[in-house]
Amino acid sequence: MCGIAGLIHRGKSSNVGQELQGMLQALKHRGEDSTGYALYGDTDGQNFIMRFKVGENVGEGSSSVMEDVSVYDERKKIVDSYISQMGAKIVKEERTLPYSLRYEIDYDKGDLLEFSQKIESIPGVEILSMGKSLEVIKDLGNAKAVCDRYNLGDLVGTHAIGHARMATESGVDIKSAHPFWGYPFSDVSVVHNGQLTNYWNNRRILENKGMRFMSECDSELIAVYLAEKMRNGATLEEGMKDSLSGLDGVFTYFVATKNSLGMAKDTMAAKPLVLYESDELVAMGSEEIAIRSVLPQEIDTYDPFDGEVKVWQI
Amino acid sequence: MANLKTTEKKTKAQSMGLHTEVLTGKTQQKFFNPDEAENFYYWGTYDVDFNKRTELDVNDMDCKEANKKIDELMNQGYGTIVIKNPQGKHSLGVGILNKLNLIFEGSLGYFGVGSIDGPTVRVNGRVGWSCAENMMAGKVVIEKNAGSCFGAAVRGGDLICKGSVGARTGIDQKGGTIIIGGDAGAFTGFMMQRGRIVVLGNVGINLGDSMYDGTIYVGGKIGSYGSDAIESPMTKSDIDWLKRKLKVAEIGEDFDVSKMTKVVAGKKLWNYDALEPTEKKGAI
């Protein structure tokens, strides 16, 4: 089933980590296999923030294979050496969990494709996100468990999207969890509720064009699809509108960039979405109870119609 | 499968020739007996006094607790119940089978007031997917917007949304009336079988797709017609009925109903299996 939620504060920052946790926890009955956050924090915009993993969570319910922590350490060493070889410098390093790391990197070349390909050439290493504002945090468990594990409650920012997953099409692991980074574009992330029926056809076409897939989760296609459109000069909104006919199946998805948040709903309107919109805040989720966790007072909400695409700026 | 055999000792129903068989084994079969008063009892209903009014704050209750509490209040004879702080919770006010004034001061989530038979409900907020699904009788008024599958499979009663509704409004509708003050999404009246849908605003694509019967009235623009849905001329009785119904529904009383578009089933799909391949293509 899966649940998605997102919010954007317009003209101010807020405690988006805590707010999104409340929204996703309200949707936990839609899936607790994994939960993911794409948070757009207040940063100085000087350095890239790279969230990456050197292994999988092999806790209860995981479909991943157990590895020794020494394997993670070895992969981390290679990542560090590759970063140095690429002419980048690690400014700050955090290892939240043995398999999950956050680096602040001084990298001025700006070509994230070459950089990412180099880092991800190391087996078992995946960049979860890269950008000057975006941080993707995803792991097994419900919203509160992941928020507590990664201490996301204090994160201040302008907007965020998140996903509560019930695994249906692929494994219970971090690589299949949402949000997906819009590789190799800085600060682009996607969450999706639904099922894409032309996943393999599109994947083959996009891989032939040099795009990369890290999982077998159909939702990853949306991030890659939009990234490829933007690589060819389309705006985010143009790419999203194109996806209504290019992607087959049922879907409601959110996409976020450094300055914007968007939603798209398939032409059958088969997947739910409730939307609240004001001059200060836009909040949306698979169910109204998600919005109620940040706006408990009586508000006006509505369901966007079939084939609708909307984009809001901060 | 149960073992069927004839019985020598006849019940009243059997002596009337209604049936001859009895079931043996684990399955127990109860036949209708006009002498037994309990056969006329509508289980789960209460005699309530509309002048007896109370309020119920469900802020800290889940839907099971809230529905159980509503049931207890009806059992105590309360005929007017005001629900405070519903907060978009799912499945509130379901399965009410008697007359009742039920007022929600706020919004409901999925499956609000589903499977009801008789109550008059007012929701001073929005409702999520599948509001009043399977309603048999009664009146439900939504003051704001509604989600998809509004009035799915309703069999009777009046279901009114003063705002706009999502996709598949009146899907599988089998009776009753659904009235929308604003716009309606795609697949409105999908596989509709009986009853009427009135939309004062615009409707999305595939209106009345594969409808068997029933009537849809649209005041605004139509995105597209679905399979076998066709336009039909408005008659005087249509106009009279619409005027009367909109007045009772407290919605669109000044609306010029004579300019509405009437949509019905073309009924080509009724004989679908008997059609020639070229005719099938035309029907679809």
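Which residue is the bridge partner of A:Phe52 in β6(A)? I looked, and the partner is A:Ile127.

**Ground rules**

I am working with a predicted model, where local features need pLDDT of at least 70, side-chain atom pairs count only at pLDDT 80 or more, and totals for chains, interfaces and linings use all residues. Residues are numbered from 1 along each chain as its sequence is written, and chains are lettered from A and ligands numbered from 1 in the order in which they are written.

I use DSSP runs for helices (H or I, at least four residues) and strands (E, at least two), numbered from the N terminus. I call two strands paired if DSSP finds at least two bridges between them.

**Entry 1**

I began with β3(A), residues 48-53. This strand pairs with β6(A) in the antiparallel sense over five bridges. I then turned to β5(A), residues 100-106, which β3(A) meets through six bridges, again antiparallel. There A:Phe48 stands opposite A:Ile105.

A:Ile105 of β5(A) is also the bridge partner of A:Ile90. β4(A) and β5(A) run antiparallel and share seven bridges. A hairpin of two residues joins β4(A) to β5(A).

For angles, I take axes as lines fitted to C-alpha atoms, for helices over the stretch in contact, and angles run from 0 to 180 degrees between N-to-C directions.

I also noted a rule for strands. In a regular strand the side chains alternate between the two faces of the sheet.

**Entry 1: a covered helix in chain A**

Is helix α1(A) mostly covered or mostly uncovered? I found it mostly covered, with nine of its 11 residues buried. The helix spans residues 16-26. Buried means that 20 or more other C-beta atoms lie within 10 Å of the residue's own; exposed means 12 or fewer, and partly exposed lies in between, with C-beta atoms placed from the backbone.

The buried residues of α1(A) include A:Val16, A:Leu20, A:Met23 and A:Leu24. A:Glu19 and A:Gln21 are also among them. I checked what covers them, and the list includes β1 (3-9), β2 (34-41) and α4 (143-150) of chain A.

**Entry 2: α6(A) and its two neighbours**

At what angle do α5(A) and α6(A) pack? I read about 40°, with the axes 11 Å apart. α5(A) covers residues 199-208, and α6(A) covers residues 220-231.

The crossing is left-handed. Left-handed means that the near helix is turned anticlockwise from the far one by less than a right angle; right-handed means clockwise. The contact includes A:Tyr199 and A:Leu206 of α5(A), and A:Leu221 and A:Tyr225 of α6(A). Two residues are in contact if their C-beta atoms, placed from the backbone, lie within 7 Å.

By class, this contact has five nonpolar, one polar and two charged residues. Nonpolar covers Ala, Val, Leu, Ile, Met, Phe, Trp, Tyr, Cys and Pro; charged covers Asp, Glu, Lys and Arg; the others, Gly among them, are polar.

Next I looked at α7(A), residues 236-246. α6(A) packs with α7(A) at about 125°, with axes 9 Å apart. The two are therefore oblique to each other. Here the crossing is right-handed. A:Tyr225 of α6(A) takes part in this contact, as does A:Met240 of α7(A).

**Entry 3: chain B**

I noted four helices and 13 strands in chain B. Of its 284 residues, 42% are buried. An open sheet of 11 strands has mixed pairing and runs β3-β4-β5-β6-β7-β8-β9-β10-β11-β13-β12. β3 (49-57) and β12 (229-232) of chain B have a single partner strand each, so one side of each is left without a neighbour in the sheet. The twist averages 15° from one strand to the next.

I zoomed in on β11(B) and β13(B), which run antiparallel with three bridges. B:Ile216 has B:Val263 as its bridge partner there.

**Entry 4: where the chains meet**

I found 15 residues of chain A in contact with 21 residues of chain B. The chain A side has seven nonpolar, one polar and seven charged residues.

Terms used
Angles under 35 degrees count as roughly parallel, over 145 as roughly antiparallel, 65 to 115 as roughly perpendicular and the rest as oblique.
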